[in-house]
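I opened this model to look up helix packing and salt bridges. My entries follow.

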Amino acid sequence: MVQSRRRGGNYRCPRRAALPAAALLLFLLAAVALLYVSPPPVSDHPVLASSRRRRRSPHALLNSLGGGSMDESERREIFRVPTNASTVRDDLWGSKLASKFYGCSNSSSKFLDSKNTTQPDRYLMIVTSGGLNQQRTGIIDAVVAARILNATLVVPKLDQASFWKDSSNFSEIFDADWFISSLSKDVKIVKELPGIGGRHRAPHRMRVPRKCTERCYLNRVLPALLKKHVIRLTKFDYRLANRLQTDLQKLRCRVNYHALRFTAPIQEMGQKLTQRMRKRSKYFIALHLRFEPDMLAFSGCYYGGGEKERRELGALRKRWKGLHPNPEKGRRQGRCPLTPEEVGLMLRALGYSKDVHIYVASGEIYGGDILGIREQSDQMPKGSIPCF
């Protein structure tokens, strides 16, 4: 089709890049406008709102933090621990967005039943490591690893040789029957490794690197499993990558939130503790300080305890080969566990008042018992209740 010429000159076809360029410019202008017009997502929080009202310019803060002096009122503007948190209590104990969350751990239609995926004569065993929370993570990852390898998982043995010297086995902490039955469509699980002709089979021991991916398991473990038929993965802590395909991540959730159920005596004890705390107040905080000798030793941090601290924690650090602590670097990078006083400061800064009740779940507190530490600190809420 012939296009007509415009008067006074040659006709030029319109540039195709003009429209996209104009659209991009409008989009950028709209984005910039939204930054100034739209409120922040948590603008209704009283503590944040009050802090914005007192916010100073960057130049004022830099001048204050420089060589010049800074009076008490200026210090409070930079960081102020609330003295009375009654005005924000409702926001601390609930969320307006809670109703928008829903469970999403159910598998997709593409996730086949374990009866169709589990291969005969493939058995996976693991050796858990660390405290109960760390061992729980290992158990969760072991179920997913068994699914990746299309293997039968043997109920894991808990770590009985760690710092805590806990002699409990799996069935004394978790409901083993429920664990097996609730995951029956995902992974085949047995309580004991079956023998051959009445004879015990010795598993082949090996270790996988930390954060091992799905391909890592197929390349490293599967060939040995096909040859040896029984594999025992040692020191199984954080040996599975965080990023996995969606159905495997959902399996992780099913194990953690549904399959790993505590035994009846432990659940009854938990209910008693909860009832006792709720008799004191409607709400309470469960706090694990983690300010324990082994945790502090592993962190490599220094807390000002002088030669006594260096000697005691230094002896514990000999348990970990290759651990080279650098206290100053650890402190700069924020890797040092918070002291009880620092935890108290954090809770007060978040808006929790002194009458909040705290359930302190912890082992031995390094440097003194929790009551002594609480009495020395003005920052820990006064309603704190030590429970061990």
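**Helix packing.** I started with helix H7 (residues 132-148) and helix H11 (residues 246-259) in this predicted model. I read an angle of about 135 degrees between H7 and H11, with their axes 9 Å apart. An angle over 145 would count as roughly antiparallel. The angle therefore makes H7 oblique to H11. I noted the crossing of H7 and H11 as right-handed.

Next I listed who meets whom. From H7 I have Arg136, Ile140, Asp141, Val143, Val144, Arg147 and Ile148. They meet Leu248, Leu251, Arg252, Val255 and Asn256 in H11. I sorted the residues of this contact into 7 nonpolar, 1 polar and 4 charged.

**Salt bridges.** How many salt bridges does the structure hold? I found 8.

I placed lysine 191 in the loop between strand E3 (189-190) and strand E4 (204-206). Aspartate 177 lies in helix H9 (residues 176-182). The pair therefore ties together parts that are 14 residues apart in sequence. I have lysine 191 as partly exposed, at a relative accessible area of 43%.

*Aspartate 237 and arginine 210.* I found these side chains in a salt bridge at 2.9 Å, N to O. Aspartate 237 sits in the loop between strand E5 (230-233) and H11. Arginine 210 sits in the loop between E4 and helix H10 (214-228). So this pair ties together parts that are 27 residues apart in sequence.

Are these two partners buried or exposed? I have aspartate 237 as buried, at 1% relative accessibility. Arginine 210 is partly exposed, with a relative accessible area of 46%.

*Lysine 308 and glutamate 312.* I checked this pair within helix H14 (residues 306-317). The side chains meet in a salt bridge at 2.8 Å, N to O. Lysine 308 and glutamate 312 are 4 residues apart in H14, so about one helical turn separates them. I noted lysine 308 as partly exposed at 49% relative accessibility. Glutamate 312 is also partly exposed, with a relative accessible area of 30%.

**Network.** Last, I looked for shared partners. Which residues do such salt bridges join into one network? I wrote down Arg210, Asp237 and Arg239.

How values were computed: Residues numbered from 1 in each chain as written. Predicted model: local features only at pLDDT ≥ 70, side-chain atom pairs only at ≥ 80, totals over all residues. Heavy atoms only, no water. Axes fitted to C-alpha atoms, helices over the stretch in contact; angles between N-to-C directions. Helix = DSSP H or I, 4+ residues; strand = E, 2+ residues; numbered from the N terminus. Parallel < 35°, antiparallel > 145°, perpendicular 65-115°, else oblique. Left-handed = near helix turned anticlockwise from the far one by under 90°. Contact = heavy atoms within 4.5 Å. Nonpolar A, V, L, I, M, F, W, Y, C, P; charged D, E, K, R; others polar. Salt bridge = Lys/Arg side-chain N within 4 Å of Asp/Glu carboxyl O. Buried < 20%, exposed > 50% of the residue type's maximum accessible area, 1.4 Å probe, protein only.
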